[in-house]
Amino acid sequence: MILSTKQMLIEAQKKYYAVPAFNIHNMETLQVVAQTAAQMRSPLIIAATPSTVSYAGARYIVAMAEAAAKETDVPIAIHLDHFEDVTQIKKAIDTGFKSCMIDASKLPFEENITKTREVVAYAHRYDTVVEAELGKLIGIEDNVIVDSGEAVYTEPDDAVRFVDATHIDSLAVAIGTAHGLYKGKPKLDFDRLKKIHQVVDVPLVLHGASDVPDEMVKNAIKLGICKVNIATDLKIPFSNAVKNFFKKNPTANDPRKYMTPGKEAMREIVMHKIKVCGSNDRY
């Protein structure tokens with residue numbers, strides 16, 4: 001059974017671990033994260049960006065996730081990641097998604113509130129939880145592009161106002177992480193995260209966790225992060241393994257064979273990320 005992320009994140013918040021949210025792109029990547037989470041007894045959030053939903057189809061993603069959930073008793077949720085279009089979010093909720101992110105972070109503060117409120121009103125009617133973002137992370141996530149000059153950190157006072165005004169279920173904070181790979185060394189503002197955690201009750205989310213040193217992620221979790229998003233760190237080993245397979249087997253044409261090395265390379269990273277989140281052996 002597909003669950004909402006609400007209870008998952010509340011449990012993580014209480015016990016100071018994080019639920020990993022892995023971005024999937026097709027059946028193979030969904031299989032890997034679901035099977036590995038089940039093996040490690042970890043709760044799992046299967047995340048899909050707008051382009052993934054467009055590529056695979058919302059109904060296919062829901063059906064695949066439901067099939068995965070029937071294979072295990074660990075909690076599994078499917079989540080809309082970085083959606084900006086309210087109509088698309090509503091359609092996906094109607095299809096069976098129980099968790100969604102409305103990303104109106106590039107809008108002015110009050111407009112972000114207004115748009116987020118609309119999503120919350122619809123989602124809560126169908127027992128679907130809502131994540132929103134305050135501040136802007138640099139980098140590229142699907143069609144969301146933010147350069148270094150546009151990055152904005154989350155202000156604790158604004159976070160309080162935003163959560164109170166929107167009634168969101170979780171908040172993605174901007175504390176120095178980036179989407180994609182870093183050009184330099186990651187610098188996370190842990191003091192800022194600590195202050196936000198002290199004044200905001202809802203679970204906090206860390207986007208852009210790929211390419212961030214493990215100890216930084218673990219420290220962020222200690223300071224209140226309950227959900228960690230991982231995408232780029234999965235795509236690269238999967239793609240590299242498939243490329244290497246074709247270098248060694250240039251005449252290969254069976255997807256079942258060339259996808260397998262990609263899945264195995266990705267599996268190792270998923271296992272590692274689950275351990276970093278501290279979510280293994282929780283169920």
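**Figure 1. Lining of the second largest cavity in the predicted model.** Eight names make up this view: Ala209, Asp214, Val217, Val228, Ile230, Lys273, Val276 and Cys277 line the second largest cavity. Its volume is about 50 Å³. By residue class, the lining holds six nonpolar and two charged residues, and no polar ones. A search of the whole structure turns up three cavities of 30 Å³ or more.

**Figure 2. Elements around the second largest cavity.** Three elements each give at least two residues to the lining: helix H9 (214–222), strand S11 (225–230) and helix H11 (255–277). H11 supplies the largest share, three residues.

**Figure 3. The largest nonpolar core.** This core counts 78 residues. Val33, Ile46, Leu171, Ile225 and Val228 have the most contacts inside it. Val228 also belongs to the lining of the second largest cavity. In soluble globular proteins, nonpolar side chains tend to be buried together.

**Figure 4. Surroundings of Ile46.** Neighbours within four places in sequence are left aside here. Another core lies apart from the largest one and has nine residues. Among them are Ala12, Tyr17, Val19 and Ile45.

**Figure 5. Confidence along the chain.** The mean pLDDT of the protein chain is 92. A pLDDT of 70 or more is reached by 93% of its residues. Residues 145–150 have pLDDT below 50. Beyond near neighbours in sequence, this stretch makes 11 contacts in the model.

Methods
Residues are numbered from 1 along each chain as its sequence is written. This is a predicted model: local features need pLDDT of at least 70, side-chain atom pairs count only at pLDDT 80 or more; totals for chains, interfaces and linings use all residues. Side-chain values use heavy atoms; hydrogens and water are left out. A nonpolar core is a set of buried Ala, Val, Leu, Ile, Met, Phe, Trp, Tyr and Cys residues joined through side-chain atoms within 4.5 Å. Buried means under 20% relative accessible area, exposed over 50%, partly exposed in between (1.4 Å probe, protein chains only). Contact means heavy atoms within 4.5 Å. pLDDT is the predictor's confidence in each residue, from 0 to 100. On a 1 Å grid over the protein atoms alone, a cavity is a set of points where a 1.4 Å probe fits but cannot get out, and a pocket is an open set with protein on both sides within 12 Å along at least five of seven lines; lining residues have an atom within 4 Å of a point. Grid points are joined across faces, edges and corners, and a volume is the space filled by probe spheres set on the points. Helices (H or I, at least four residues) and strands (E, at least two) are DSSP runs, numbered from the N terminus. Ala, Val, Leu, Ile, Met, Phe, Trp, Tyr, Cys and Pro count as nonpolar, Asp, Glu, Lys and Arg as charged, and the others, Gly among them, as polar.
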